[in-house]
Amino acid sequence: MEKTQEVAVTQMRTLVQKLGSSTENYGDPTLMRFLIARSMDPEKAAKMFVQWRKWRASFVPNGFISESEVKDQLEDRKIFLQDLSNGCPVMIIKASKHYPAKDQLQYKKFVVHLLDKTIASSFRGREIGNERLIGILDLQQISYKNVDARGLITGFQFLQAYYPERLGKLFILNMPRFFVSVWRMVSRFLEKATAEKVVIVTNEDEKRDFIKEIGEEILPEEYGGRAKLVALQDVELAPLED
């Protein structure tokens, strides 16, 4: 870590303590995520970290959201979790299997469940703190009844507020013309740093780049790869080391 980063992390730890919280169980890579998300401003990063810890304690009191809490969302089998591409787990969302949630609380819990599980799938015995995920949002065969701007916005807001710097990249595939206006509305809620990580794949050259970047051995066959699709609930995580 560079000297300036070390100084910022040390300042952030002190400020978190002053705000009545603690960074005791968190390594520098975790704190760096909050600092990067707040343009290396220790004060803003400390506030964000404290808010995240409060949110986590109230919304995820057991430390995780169990499958039984999000049964309805999992039944649609719309989220898939592939192997690691350059160390990042690849999560695929099939939008044609998604319908706007009637139960918004369960939907929010589902967002946490899928992000937590996706990130945890990259742990090799333990969490380092700087793990990132790659998302693929597949809009193939979606119709108006699958459109859920509110759900998309919620996902991005959770990523930005509670999972800073966890998104490595998001590829959007097969965007139909009618969805362009929906995306325009959703993208207003994206911070600049998030928007810069979104790649809309629109032509054959971009598709080739997408396949090359993720890797044929990771991508399922229908996306130009050689792997099989694996539903989120079928992925078993390795236990963490003590």
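Colleague: Is strand 4 mostly covered or mostly open?

Modeller: This is a predicted model. In it, strand 4, residues 167–173, is mostly covered, with five of its seven residues buried.

Colleague: How many bridges join strand 3 to strand 4, and do they run parallel or antiparallel?

Modeller: Strand 3, residues 133–138, is joined to strand 4 by six bridges, and the two run parallel. Within this pairing, L137 stands opposite I172 of strand 4.

Colleague: How many bridges join strand 4 to strand 5?

Modeller: Three bridges join strand 4 to strand 5, residues 198–200, and these strands also run parallel. Here F171 stands opposite V199 of strand 5.

Colleague: Changing topic, how many cavities of 30 Å³ or more does the structure hold?

Modeller: There is one cavity of 30 Å³ or more, and the largest cavity contains about 480 Å³ of space.

Colleague: Which residues are closest to its centre?

Modeller: The lining of the largest cavity comprises 27 residues, and those closest to the centre are I93, Y107, L137, G151 and L152.

Colleague: What is the lining like by class?

Modeller: The lining of the largest cavity has 20 nonpolar residues, five polar and two charged.

Terms used:
Residues numbered from 1 in each chain as written. Predicted model: local features only at pLDDT ≥ 70, side-chain atom pairs only at ≥ 80, totals over all residues. Heavy atoms only, no water. Buried < 20%, exposed > 50% of the residue type's maximum accessible area, 1.4 Å probe, protein only. Helix = DSSP H or I, 4+ residues; strand = E, 2+ residues; numbered from the N terminus. Pairing = 2+ DSSP bridges. 1 Å grid on protein atoms, 1.4 Å probe; cavity = no way out; pocket = protein on both sides within 12 Å on 5 of 7 lines; lining within 4 Å. Points joined across faces, edges and corners; volume = space filled by probe spheres on them. Nonpolar A, V, L, I, M, F, W, Y, C, P; charged D, E, K, R; others polar.
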